[in-house]
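Reader: Hi! Could you walk me through this protein?
Author: Happy to, have a look at it here.

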Amino acid sequence: MQRVAVLGATGSIGGSALDVIARHGGSMRASVLAAGGNVDALLVLCAHHRPDHAVIGDVAGLARLRDGLGEASPGTQAHAGPQALADLVSGDACDTVVAAIVGAAGLDSTLAAARAGKRLLLANKESLVLAGELLTGAAAAAGATIVPIDSEHNAIFQCLHGREAGADVRRITLTASGGPFRGRSRAELAAVTPAQAVAHPKWSMGPKISVDSATLMNKGLELIEAHHLFGLPGARLDVLVHPQSLVHSLVEFVDGSTLAQLGLPDMRTALAVGLGWPRRIDSGVGTLDLARHGRLEFEPPDLDTFPCLRLAREALDAGGTAPALLNAANEVAVSAFLQGRIGFLSIPALVDDTLAAIASWPATSLAVLGEADAAARRHAEQAIATGPFLMSRPHA
Ligand code: NAD
Ligand code: MG
């Protein structure tokens, strides 16, 4: 019986993971469920999936979680806080960890899973962007298998059969849907609202990654993610906009052969690959009917209208703490945008401003990366409070 810890259980990826796990009750079960602050949503999941342990990130929620479990799932132990989560992930309570907390908040638990040699189904791309070398190094040292859950990287993982990209790979191309604002001009983006930005045309996702998809920062983070997962330099990583989101990425080999992975845009496929690997298991995802879809289109990304992709590539090339600075400034900017404190175009402006203001240096330790992360958050928060970024707030 494969025991699976689902971190970020109340989120979009967490829900998809639990759906796949529940389809295979004879061979796997959710043994740990963890969420950030929504005790009620976590209790509903516990009543349904009966895990051994439930963890709420916000320690203020512990008493309510414990009380609620008495009725919802008496066999489930209540825990709270990041240390309790890291301990459960490293210990005997699980074999596999679905790392689907959003943002840098997911780093500690992801790293704990890697260090403990668990099978790591990695959706939390921010932890790779922030600390890619440390994370992949820890996984290699402990013998942890990382299966990327981001659909593009999962596609590449499948095309490479779980190997690193060696000298036989000429380049990797990440596909991008283009997000809800594909084809718009910069001027048209000035007044877009959070509700418009999170309305993704192809994927149903959490609010942060939905905004990242609208700015194309998501694809920028994915370039950095691909670099760490597959060991290729930025110069051999491309991005191609593919509005239908059916081709999830491509690997070109030195002999001129290109392999791609196709499927309906549903994260359960990637999660089933991770849960079953190297076997194939049912995910609940329907059949791809190419005759019905008709056309597959491809176009280059518009870097002038969506500068976040360019900024991320520059951070990848700069290396060291630059990706950590980029990620932290972006998290602050996206959160401020979702709260209506800044406009959409202020997101790239804030990231650019932060990268220009704070020098990057070698990412020698987790402490150095943590300092870079904190410095970028301070700078971006202060720039929002005092700078010109408020000016471009939408009027809606
Ligand atoms: P979401 O907002 O729907 O869910 C986030 C989850 O993280 C929630 O369960 C929340 O409670 C939990 N969480 C937040 N802060 C926490 C904390 N401090 N401690 C513990 N738990 C905390 O987000 P999502 O769309 O499911 O995305 C999760 C991750 O997967 C992100 O890193 C995202 O980039 C990545 N990802 C998502 C998709 C997708 O289709 N949704 C695709 C590719 C990658
Ligand atoms: Mg993706």
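Author: One term to begin with: buried means under 20% relative accessible area, exposed over 50% and partly exposed in between (1.4 Å probe, protein chains only). This is a predicted model, where local features need pLDDT of at least 70, side-chain atom pairs count only at pLDDT 80 or more, and totals for chains, interfaces and linings use all residues. Residues are numbered from 1 along each chain as its sequence is written, chains are lettered from A and ligands numbered from 1 in the order in which they are written, and side-chain values use heavy atoms, with hydrogens and water left out.

Reader: Thanks! Is Asp 150 buried or exposed?
Author: Asp 150 counts as buried, because its relative accessibility is 8%. Glu 152 is buried too, with a relative accessible area of 8%.

Reader: And which residues are the protein donors of the magnesium ion (ligand 2)?
Author: They are Asp 150 (OD), Glu 152 (OE) and Glu 222 (OE), lying 2.1 to 2.2 Å from the ion. Donors are N, O and S atoms within 2.8 Å of the metal (3.2 Å for Na, K and Ca); water is not among the atoms, so sites may look incomplete.

Reader: How are those donor residues spaced in sequence?
Author: The spacing is D-x1-E-x69-E.

Reader: New topic: in what order do the seven strands of the open sheet come?
Author: The order is β4-β3-β2-β1-β5-β6-β7, with parallel pairing. Strands (E, at least two residues) are DSSP runs, numbered from the N terminus, and two of them pair if DSSP finds at least two bridges between them.

Reader: Which are the edge strands?
Author: β4 (77-80) and β7 (146-148), each pairing on one side only.

Note on methods: Helix = DSSP H or I, 4+ residues; strand = E, 2+ residues; numbered from the N terminus.
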